[in-house]
Amino acid sequence: MNYVLDPSYVDPALDSRSASLENPTGGRGMGGTAHGGRKGAAFRVLNPGERVVLADLEGPGTLRHIWMGFPPAPPEVLRAFTLEVFYDGAALPSVSVPVLDFFGLPHGRPAELYSALFSVNEGHGFNAFVPMPFRRAVRVEFINASSHPTVLYYQIDFTLEPSLPDHAGYLHAAFRRENPTVQRRDFVIAEGLRGPGRFLGCVVGVRVIDNGMWYGEGEVKIYRDGDRAFPTICGTGLEDYVGSGFGLGRHLGPYGGAPVYVAPGKDDVPRPDPNPNYVGFYRWHLADPVMFERELRVTIQQIGAVMFLAGQEAELAAYEANHPVAGGGWVRPGSGVLAWGIVERIDDYCATAFVYCREPQPVPRLDVAAATKDISRLAFEKPDPMESLIPLFLGLAQASGGAR
């Protein structure tokens, strides 16, 4: 990685290439050939259910940068766009995730994001700078699994190399969702991949469906190489894992942040509690690497906090009937506070986990129906102004032909 840390580093053994719609194999001297090189194949119209190969490359090499652009659309449409990556001729993918979640944005809702590994510039340009080594071959595919046509722009920058070091791992990405979660059963962020490997990090989304003051008291637990009842690495709360504290509002950092925060504004009908409707966060373990030799399991608890004031005895009794306490139980301090405590909750959690493994392995195929359920735009959410232009844009794109 000397060429990343030291921009003056020169190594002619790295053969710099680029894959696009008209050059998915990244052939030398094959870029920009359409219409005499005068911008002839920048995009492609993808019909519902259509799958397109973005890159089909022979190694050894490394994908260095992936950029994509597509028009804004309702959340259930964008969430159905799927990215799959196949290594070394495998029939099953080692990456199978919603496209937006891959770039750090759960719930099908574009937002600005700027981090060390992924950025979504102005909420429209999707960038991944996470290295993806491959030894024999790699194939990258985009699937429009929605019920609407879309227009896709993209570029994948990569290098071919004489060989890869033994420590280079294959990037795996898998999506999971529990809608709703099961009380007292921790939601699984990552599991099932064999080592040696490295947990790079995750993108987690929460659709808050339980009530209470605060949804995020649950600890993130990382089990490694034989850990069973208790983990080796354990956090102190959801927002603490992201690197924030005392709540989780929208913020962006190089290694952790929360780019998605959907809640009513001051002029909208408020929720019965102060929580957002949707929140999405990312955490990258770059400076604090998480390695494992044989096995890995990462979970997050569904635990929240709630308080009842004097005069709310009936509300407290009703809440206690469905929310077992966690931690040390109820605190009853008096002075107008009837009871305060942390409690077990049921919410809707999803996660995309990024794990490097020494050997490529299959991950579960994305269940599009499960991924897109219950994420429709809320009454107070305003669509991107560009959405009204999409029919015209699609018509012009289809008339011009695009890349086929």
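Cys234 comes out as partly exposed, with 40% relative accessibility. Keep in mind that this is a predicted model.

**Cysteines**
- You'll find zero disulfides in this structure.
- Cys202 isn't in a disulfide; its nearest cysteine sulfur belongs to Cys350 and sits 11 Å away.
- Cys202 is also buried, since its relative accessible area is 0% and the cut-off for buried is under 20%.
- Cys234 isn't in a disulfide either. For Cys234, the nearest cysteine sulfur is that of Cys202, 14 Å away, whereas a disulfide needs the two sulfur atoms within 2.5 Å.

**Strand pairing around S21**
- S21 covers residues 295-300, and it pairs with strand S14 (residues 187-194) in the antiparallel sense, over five bridges.
- In that pairing, Ala190 stands opposite Val298 of S21.
- S21 also pairs with strand S16 (residues 220-224), again antiparallel and over five bridges.
- Here Ile222 is what stands opposite Val298.

**Nonpolar surface patch**
- Met213, Met307, Leu309, Val331 and Trp340 make up a nonpolar patch on the surface, and together they have about 410 Å² of accessible area.
- Leu309, one of these residues, lies in strand S22 (residues 303-309).
- Leu309 counts as partly exposed because its relative accessibility is 41%, which falls between the 20% and 50% cut-offs.

Key: Residues numbered from 1 in each chain as written. Predicted model: local features only at pLDDT ≥ 70, side-chain atom pairs only at ≥ 80, totals over all residues. Heavy atoms only, no water. Pairing = 2+ DSSP bridges. Helix = DSSP H or I, 4+ residues; strand = E, 2+ residues; numbered from the N terminus. Patch = residues over 30% accessible without salt bridge, like charges linked within 9 Å, V, L, I, M, F, W, Y side chains within 5 Å. Areas by Shrake-Rupley, 256 points an atom, 1.4 Å probe, with all protein chains shown as cover. Salt bridge = Lys/Arg side-chain N within 4 Å of Asp/Glu carboxyl O. Buried < 20%, exposed > 50% of the residue type's maximum accessible area, 1.4 Å probe, protein only.
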